[in-house]
Structure formats: structure tokens, C-alpha cells
Amino acid sequence: MKRLILFLAFTTFGFSQNYYLYVAAESDDTVSLIKFDGKSATELERIPVGIKFAETEGPHGLTVDPSGDYWYLSLAHGNPYGTLTKFSTQTNTEIATTELGYFPATMEISSLTGLLYCVNFKLYGTMTPSSVSVVDPQTMTEITKIPTGVMPHGSRISPDGRFQYSVAMMSGELYEVDTVSLEVNRVLQLDNNHHMDHHSMNHQGMDHQGMDHQGMDHHSMNHQEMHHSTTQPTWVIPHPSDSKVYIAGNSSNEIIEVDTDSWEIINRFKTGKGPYNIDITSDGKKLVTTLKGEGKTEIKNLKTGKSKIVDNTTKVSHGVVISPDNKYAFVTVEGIGGEPGVLDVIDIGKAKLVSSVKIGKQAGGIAFWKLEQ
Amino acid sequence: MRTILTLSTLLLSFSLTNLHSQDLFVKSDLQGLKLKIGETFEPETYAENLKGERLACPYTFYYNKQGVFSRAKAISYDRNKGEIQANAPGKHEVVAVCLGLGDQRLSRTFDVEVGYAMVKEITITVPKDNYVSTYLDLSFDVVDEQGFERDGQKLNLTSSSEILSIDNTNNVKAIASGTAKLTAELDGVSATVEIKVSENPLSKIEITSNQEVARTGDVVRYTATGFDSSGNEIKNLPFEYTFYGKSFDVSESAAGTILNDGRFVAEEPGNYSISATLGDITSSKPLRVVARDIKREVYRVGNTVVPDKRTSDFWIFEGVDGRDYAVTGTHSADGTAFFWDVTDPTNMKKIDSIKVDARTVNDVKVSQDGTVAIISREGASNRKNGIFILDVTNPYDVKVLSEYTKNLNGGVHNLFIDNDHAYVLGTGERYYILNIEDPTNPVEVGMFEVGKEGQNIHDVWIEDGIAYSSNWRDGVYLVDVGNGIAGGSPSNPVPFSNYTYASGANHAAFPFKSKSTGTFYVVLCDEIFPEGVNLTEPEITAGFCHFVDFTDLDNPVEVAKFEVPGTGSHNLWVDEDVLYVAMYGGGVRVVDISGELVGDLFRQDREIGYTMTGSPNGFIQNATMSWGAQVYKGYVFYSDMYSGLGVAKVSEDKPDTSNENQYIERTGIPD
């Protein structure tokens, strides 16, 4: 019955369908509202974001709440902490802002708790463990920070809303956070050869608030001796129905498949250069990965294991989101220097670029808003 | 320990309950809860439907609505114990969220009042000498048993004698001589002090000043001397200084600033009267204030428009060939820095450019010998950012010597070069000090950071071996990086002074020793965008420049400000007791900062002149967005985000008024 409803919902019946997305331009401090009508993508509105005109504040992560009434944006740079801002999808105007951690990046709202979980990427200076900020989007209150690994990225929630997954790029770990107890549930080291055993660390037991950060001599720490991941995972996406998550190994050029029941790596698929962000079709059949290092997008059939590569319009492919009808992958491409950012629309079935639209510089964060007949 | 339901239970309840959250209301025994400091409480929260039926929440959590930063300070929530704990007195909002019922979020905010602990101690501070007919300058400190200070709590004041009069707001006036015991009481704890009130010994006050006629902005020093009825001088009296004035211009109000030590500065030309008072005895002295009359013509000499990109910072330097050059950065563009021959400021020429993988080259600096430039980088496609060191011995053919990114991934916003060392901001947290004696191989030798959680730095300026870093809410830090005042060096930076102020917007700093007074100031300018970013309308800016007297390094004092209404400050330069400050939409302002500085310099009419820096051919036509100014060989160079690089000259002549309506001129020097 459910399949029939989905079929009816997404069968065109000759009607055109319009897809709406929000896309962030990290080096222009703008967010673009994009409409794709099945043939052509157009920029409906370019929304200025941020607080300081003369500083590039770096809009990075985007998500739309389950009701579709609000969209949320993380601004990476602040004084010094970045911020999370809530906007109305009706007016695209700001409703409220709250401060998070260093370089807040990707985020998602749990359908179970209604809370928003945003990783603090902490791209700044010395590499130290960072955190996941948990925000009540109703009141826009950051209610806690959950300590995780070094440079956490790719915050995605399990389909049942129960777990939040993120990867720590420089410590090479997969983190599973219990969205209800707001504690780290499990940690998995993703590197084949690692020096520092972050997995065995008791991150929950660490009293980060009680640490004397002022007293720490970060400058003289021997960071060369710290473990720098050979995998450098940058994204994790849960499978919509299976107990699996897929991770982009940005440095190891692979997709890592993790069984969340046994909590172990069960497969590693080689990809093109620099897999960065991932999305998966709602039927769980196809995995779409941006290849940042090549300016391409890879579409992988998880059943057959075969991949097709689509060239993006410019270089530095970044974010990807798949339409709910599984027809299209919307891919952001940063470009280099003064090049405009681009949103590419890829027909997943045909593995073909069907439209693209220029937006602000360094297109990155992307969130699907709605599909209208 | 409060039970945390298992996933299955939670999901089961979620799926089986066909409830609509709008029919349910969160109830909790948090309602009307009052706690004592340190007390814990395990709240019970549930949902209630319209029939008044009670439904258990599968899982409940709580948080302080003030958020994570104040969580530990006011009310904290221990998720393992399911308890809230009262840590600070006051009324706090606690949000209770009920999960697992209905299809929407269920939550409610409850006010929880945490009572003050009992008062432990009251301290009353009384001036040494108190005279009849004066209000006593008393202060009260109340500390409770938890060590919290209670501010704003009205004390019960009583006096043992009618020689003290206490009004409804606890002002205490001495109305007769004698001795009284003043008691302050709160929560049953009291403190008593004995106050001796003397007859006013004065028969008369003589008031003198160092000027009879002053200009607006001149600080006039008044000295009051008290004499008894025998004509003997009485020393160390607590005079109160006040002023009265009448402007020459009926449309203006006399205004000024008077300090407790008798210094007065007027903002408007007019007749003033400065008074010194003690009790019923007072004496006044007139002061005639005339216009400062320092307006000068500021005219534009040249402009090299960058029409297709926003321009950022710039630097003017003398090349090894003796000619004059400039380098300018670009903002939110394509990573380009431009080089200009500015030997003839009326005919500045673009001579070279360099483009790096970046979107913003925010800052550009050149070594004192004119051989090496460094450009900062933000928005690199590989996110490594950092800096590029350039060979500018031939500015017509600039070459990259090296790229340096260590610890600078998040982007470099500002930097400085001083004596073979580069001071480079590492992503807003700290600055790294690089030895660039071999510019092809920069080596990190030192680092400075404030060392506080949430530290944030915006800019750094070096002069005489002292680094002045602007650290937003942490204000300015003076760090010895070779001056010797604190034994510091580039490899061992030693902080020795700091000043913060309330707005927390310290964006740029510039030190100067007044040529006219010898006073050592640091000027701290804000950067504030009160309404955020707007791409379709002119940017609204705010903030001003704070003048801080650093004569006493342990106790710097903010003495004056320069604020232009309607526009905010950015980068600045000081030369020969003149301030040149870019005020974004307000252009470049030229300000007389000679003499002693007290109060509001703009209102004192100390502005010499200004130039609006927009261009009809600019990135945004005719719009002014001044970035910074630099005085070089008698010219005022500036950059403007929309018009590029420009140069102005401050004339010796007064502004030409031949085309102005005389009736709207400001008041000049009266007869």
C-alpha cells in the first residue's frame, strides 16, 4: 500500500513537478533558493546572510525542518564561535540565532526528538577534539555540547531519529550519538592503521568543561605525533532501511560500509578522487557521492556495485541531496577563486547532467525543501 | 536514577499512541518551584489531555533556557540522575520536553525561583570627611553565605541621630554636625558605621583656571581652593564641579564634559560658568568658549578605480628604486592583489597583479625595506588558506616566494610585518610569529593568544617592538615582541597590559604618543554591523574609536571617543596628532587630536574635514565604503571597498564656502 501511495505521489501523470532547494555560497555569505522544474534550474532568490558585511562568515550547513516551515543555516565564523540561524521558508527572513561552537557545519533534525544536531567542524588552528551541538530549534537554545572527535563532519540522523552519526575527519572515527540520552553511544575507528586509539578513549567520561584549557600549552604540544587519519572521513549517511551507514573516505578514496548491528566495517568500495558528501536514494538502491578532487559525481548501484561518473560543471564538487522521488541528485560545486558556485542537477537514472545554475561563490551546503506538483 | 526507556519502548509508545500534541499539555511539578542554592530536585513531568487525563512521558529532559553557556552557572541538569540543581540565585526558565507522545513536540517553560542564601555580611564604605549640607558618598556591599554579591537590593537604612536625613531611595544627606550611627540591614543581618559630620569649614571658595577663553575641545583645568573665615586655606576638600552654559547659537545647546578633578571641555561655543561646590558654599567662574576653527579643505588628488571587485586593505611603500608603490587586496572576489605605482598620486597606475587560489585577500603588508610583501588568503579551494610571501623588489614584476599554511587553515584575515618577522592571525584565535629572514622558507618562532575560552583576535599592529592586538571582547593586548619593556621577543612574546570595554567590538588598534602633551594613547576602533548584512541597501554600520590613556600601563583609562552619528568606524592611522579614520559609509575623517583629550571629540568639533571615497565608476557607483587610511609623504591614501585606491590631501586652507549658504553655516568665532 505504501509503495502504491509513493507511486501515485511521484508519478507525473503529465503534470510537471517543481523541486525547491536551498543552497549556501560559503564565500559570498548568501543562500540561494533554487527551483528545478524538471528541465531547468533557476535561482528564485539570493538571500544575504550573516552579521558582518566586511567579514566572510561562511554559511556552511543547511537543513529544513520536517514540517518544511523553517530552514536552518550554520555560519562557520563568528567571534569566535559560529552561529545557527533559523529562517522562515515563507519569507526567507531570519527568525532567531544562537551561538554554537567553532565552525558549526552540517546538521539535521531528529524526527524523534525534534532536536537539531550540528557538528562543530573546528577547522581552526591546532587540531583538538570538537563536539556536536544539540539545539532545541523551537527556542533556538543550545542545550548541550557532546564531545566527539577531531574535525567532526557530516551530521546525519538514522531514519527512526534515534541516532545521530558523524565522522571525525582528522581522528578517523565514526561517532554514534544517542539522540535521546545525548551521549556518545559508540565510536568506530575507520583507519586501517592508526596510532592513537581514540576508540578506547572514554569520551563520555571526559570532563571537557572541567578541563583547564587556558592552562594547556597547545603551542608546544607535539601535534606531529598525534594521529592524523589516513581515511579522513568527511560524510556519513545511514541506509534508509538496512542497518548500515556509508562513509566517505575523502583521503582514502573509498566508501566505507559499516554494519550498525555488529558495529564493524563490512566493506570498502574504491571511488574516484576525494569522495566528500553522500546521499542515498530513499529506496536504498543508489548511493550518490561527490568527488571533490575530480569535480565529478559518482552514482553507485549498491546492488550491482557498478558506478557511473558524471562530470560536474566546474571544479570542487561539494554537497549532494537526492529528491524524494529519487529522480534527481542536486550537487553543489564550489568552483575556484572568483568562479561562481554552481548547482548541478543530475538525472540519476540516466546518469546525466540535465541542468545547472550559477549562484554565489563556493557553493557548499544544500538542503531539499519541497516537491510540488 | 531516572529511567531511560529503551528504544523499543520509546518507539512503541510513539507508534501506538495516536495522539495529537495540540490536545496534550505538559504539566510538571516544576510549576512554581522554589529552590535554595545548592539544592537538587528530581522533577516529575507528564502530559495531560483535554479531559484532564494524565499520560506518562516515555522520556523527559530538561534544560536551562539560557543555554549551554549559563547552564552550570544558574540551573544545571544531570541527565544521569534526572535532577536539576540550583546553582545561582534568581528566577530561571527551565524547559521541560516530553518525548514519545503524539506527533509533535511537547514542551513547556517553567519558572524556577532560586532564592538567595542568607546575607552573610554587609560592608559600608564612608568618606573620611563629611560636611553639613552634603550628600554622603556611601557604598554598600552585600555578600550572602554562598558568596554571591547582591546588587540592587534595597537595604533598610536607619540613623541613630537626626543629623542624617535618609530619603526613599537611600540617599543620605548630612543636615547638621555631630556623630551618628548609620545602620544598614537586610535579612536580619546588619552593619553599622559611625559617621562624623563636620560643620562646613568654608567661608569661601576661590576657583581658578588655566584658560579664560577656550576653543571647543580644549580641556580647561579648574582648581578650587577653600578658605575658612580667617582666610586660612583648607586642603583636601571634596569639591563637586558642575557647569552651566548658554550657546551662542540659539539653535544649539551648550554642552560639555566635566570631571571630578575639575577638568572641563565644551562642545559648543558659548558662555559657560563652572562651579565648585561644597555644601552650601559655592563659587563659579565664567568661561568663554569659541569655535575650534580647525576646518580645512580635504580634496581628492587621485583615484584608481577597481570597478569589478570589492577592494579590501592596502599598503603604501617606498620601493627599492625610490619610487612609491601600493598594494591592494580584494574582498569576496577571486584572490587577486593589485600593485600600483603611486609616485605621482595624481596619476596612479596599475602595474601588476597576482592571483592566488582564494576568494578574499583581506590584508596586504610590505616589509620596511620594500622588498617583501605578504598577502593573506581566505576561501582557498583546498581550505588551507594561509599566506603568500611575495618578492616586490620590482613591483612591476611581482613574484611568489613562498606559500605558508601551517596552523592557518581557517583563513588569515590580518597580518603585520616588522623587522624580518610576520605576525599572522591564525583563524581568529591567535597570532603566529614567523621569521621571514629567508622569505622562501618562513619559520614559526612564536605565538601569542589571550588564553581564554572563546578567545578571538581580529588584527595586530606592531610599533617599537610592541604588538597591539585587537581581540574583540577581550579588548587590546599590549605584548612585548622586542621592545624590552617586559623582556619579550618574537620567539617569546610577553603581554604586559590590556584594556577591555563594554561593547566588545575592538576591531583595530593604533598607538600614538601625543606630540603636544606627551601622553601615550592607544586608539581602539570598533566594527559593528547592527543590522547584519544587506545586499540590496546601503550597509548600516556603527561603533566608534575609543581613546585610552595608557600612561599607567596597569590602569589604562578611557578618556575620549570619536563617533560620527549614523556611521561606524573601521581602520585608522595617526600622524602628527591627527587621526585619519575610515568610517565606512561616512568616508575618511580627519580629526584634530592635539592637546589633552576628554569626552566626545566629534561633538567638540575637532573634525578637520573629510572625504567621501565613492566613485561614479566604482564597483557600486557613487557608494562610499571607506576601508582604511594611511598617511604617506604628506598624502592621505585610502582604500574603499567599492572604488579601490584613492588619495587625498589636507589643505592648509580653510574650506571654500563661496558656494555655501551663509545662513546654514555653524557659528564661527564670535566678536
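Predicted model: local features only at pLDDT ≥ 70, side-chain atom pairs only at ≥ 80, totals over all residues.
Before anything else, a word on pairing: two strands count as paired if DSSP finds at least two bridges between them. Helices (H or I, at least four residues) and strands (E, at least two) are themselves DSSP runs, numbered from the N terminus. Strand 35 (residues 387–391) and strand 36 of chain B meet that test, pairing in the antiparallel sense over five bridges.

Residues are numbered from 1 along each chain as its sequence is written, and chains are lettered from A and ligands numbered from 1 in the order in which they are written.

Strand 51 (residues 588–592) of chain B runs antiparallel to strand 53 of chain B, and four bridges join them; B:Val588, for instance, has B:Thr611 as its bridge partner in strand 53 of chain B.

Now zoom out. Chain B comes to two helices and 56 strands, and its C-alpha atoms fill a box of roughly 95 × 85 × 55 Å along the principal axes. Its domains, with bounds from an automatic or database domain assignment, are domain 1 (7–115), domain 2 (120–198), domain 3 (204–290) and domain 4 (298–650). The centres of domain 1 and domain 4 of chain B, taken over C-alpha atoms, are 50 Å apart.

How much of chain B is buried? Of its 671 residues, 45% are, where buried means that 20 or more other C-beta atoms lie within 10 Å of a residue's own, exposed means 12 or fewer, and partly exposed is in between, with C-beta atoms placed from the backbone. In general, nonpolar side chains in soluble globular proteins tend to be buried together. The largest nonpolar core here has 137 residues, and those with the most contacts inside it are B:Val424, B:Val523, B:Leu572 and B:Val581. Such a core is a set of buried Ala, Val, Leu, Ile, Met, Phe, Trp, Tyr and Cys residues joined through C-beta atoms within 7 Å. A second, separate core of 122 residues includes A:Val184, A:Ala248, B:Ala47 and B:Leu101.

Contact between residues asks for C-beta atoms, placed from the backbone, within 7 Å. Setting aside residues up to four places away in sequence, B:Val424 touches several residues, among them B:Ile387, B:Leu408 and B:Tyr432.

Strand 54 (residues 626–632) of chain B is largely enclosed by the rest of the structure, because five of its seven residues are buried. Strand 54 pairs antiparallel with strand 55 (residues 635–640) of chain B over six bridges, and B:Tyr632 finds its bridge partner in B:Tyr635. The hairpin has two residues between the strands, and B:Lys633 takes a positive phi near 50° there.

What about the meeting of the chains? The contact takes 51 residues from chain B and 46 residues from chain A. Helix 1 of chain B gives the most to its chain's side, with three residues.

Over in chain A, A:Arg46 lies in strand 3 (residues 41–48) and counts as partly exposed, with 17 C-beta neighbours inside 10 Å. A:Gly360 is 314 residues away along the chain, yet the two C-alpha atoms are separated by 8.4 Å. A:Ile322, in strand 24 (residues 317–322) of chain A, is buried, with 22 other C-beta atoms within 10 Å.

Key: Contact = placed C-beta atoms within 7 Å.
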